[in-house]
Amino acid sequence: IDRSYSMGAPGVFARALELARQAVDEAPGGERIAVVAFDDRADVLAVPGGRAEARAALDGLAAGFGATRYGPGFQQAADVAAGAIGRVVVITDLQRVGWEGEPTASVPAGWSLEVREVATASDSGRNLAVSGVTVEVDRLDPESPETGLTRLYDVFARQATHVRRAGAHVEEDFGRDHHFVE
């Protein structure tokens, strides 16, 4: 389950937990279930075991502040399986930037992969992320009333937007603002 910062949007993580519990409940009887949570790292929350352990692990989970990175989640799932044949169910909002800079992630031969996209009733089909921020010193401001000298910074942010229905991916610069930092 994706626990990255983008999953903290209103209603998104609650929906993710609902989908994860549904996946646990749908697992065939006797199938061992593990829970791995990921953002820019991956942690095993429940080692392979029964439904009760998997559900208990989900009960304590919350969205965090990490970036979306799919590679660590896939690697951790493969490590937990320790060579056994398995099925991976990924619960995520499909942040496209989660693949940037990552080596190709894959599931072991013989495994099945199912992706359950988190979307809420208010989801417009747009998936937004800040894909980069640059901060540059603009100039020194000698008119600062507090200290007599304040640095002015320019902050540039790059927004990545993926429109699911159209399959388009657009990156654009937005916002330029001065921030006063002493």
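What is the volume of the largest pocket? The answer is about 710 Å³, and the sections below show what surrounds that pocket and how the rest of the chain is arranged.

## The chain at a glance

Before exploring, keep in mind that this is a predicted model. The protein chain has 182 residues, and buried residues make up 34% of them. You can find 3 helices and 7 strands in the chain. Starting from the N terminus, they follow the order α-β-β-α-α-β-β-β-β-β.

How do contacts link parts of the sequence? Among contacts in the chain with a separation of 6 or more, 66% are between residues 24 or more positions apart.

## Around the largest pocket

Let us return to the pocket with a volume of about 710 Å³. It is lined by 29 residues, and the closest to its centre are Ile-33, Ala-34, Arg-87, Val-88 and Val-89. Helix H1 (12-26), strand E1, helix H3 (70-81) and strand E3 (87-92) each give two or more residues to the lining. H3 provides the largest share, with 6 residues.

What kinds of residues make up this lining? There are 24 nonpolar, 2 polar and 3 charged residues.

## A hairpin of two strands

Now look at strand E1 (residues 33-38), which pairs with strand E2 (residues 42-49) in the antiparallel sense over 5 bridges. With 3 residues between them, E1 and E2 form a hairpin.

## Two nonpolar cores

In soluble globular proteins, nonpolar side chains tend to be buried together. Here, the largest nonpolar core has 20 residues. Those with the most contacts inside this core are Ile-1, Phe-13, Ala-16, Leu-58, Leu-61, Ile-91 and Val-118. The elements giving two or more residues to the core are H1, E1 and helix H2 (51-59), and H1 supplies the largest share, 7 residues. Another core, of 11 residues, lies apart from this one; its members include Val-36, Ala-42, Ala-81 and Val-88.

Technical notes: Residues are numbered from 1 along each chain as its sequence is written. This is a predicted model: local features need pLDDT of at least 70, side-chain atom pairs count only at pLDDT 80 or more; totals for chains, interfaces and linings use all residues. Side-chain values use heavy atoms; hydrogens and water are left out. Two strands pair if DSSP finds at least two bridges between them. Helices (H or I, at least four residues) and strands (E, at least two) are DSSP runs, numbered from the N terminus. On a 1 Å grid over the protein atoms alone, a cavity is a set of points where a 1.4 Å probe fits but cannot get out, and a pocket is an open set with protein on both sides within 12 Å along at least five of seven lines; lining residues have an atom within 4 Å of a point. Grid points are joined across faces, edges and corners, and a volume is the space filled by probe spheres set on the points. Ala, Val, Leu, Ile, Met, Phe, Trp, Tyr, Cys and Pro count as nonpolar, Asp, Glu, Lys and Arg as charged, and the others, Gly among them, as polar. A nonpolar core is a set of buried Ala, Val, Leu, Ile, Met, Phe, Trp, Tyr and Cys residues joined through side-chain atoms within 4.5 Å. Buried means under 20% relative accessible area, exposed over 50%, partly exposed in between (1.4 Å probe, protein chains only). Contact means heavy atoms within 4.5 Å.
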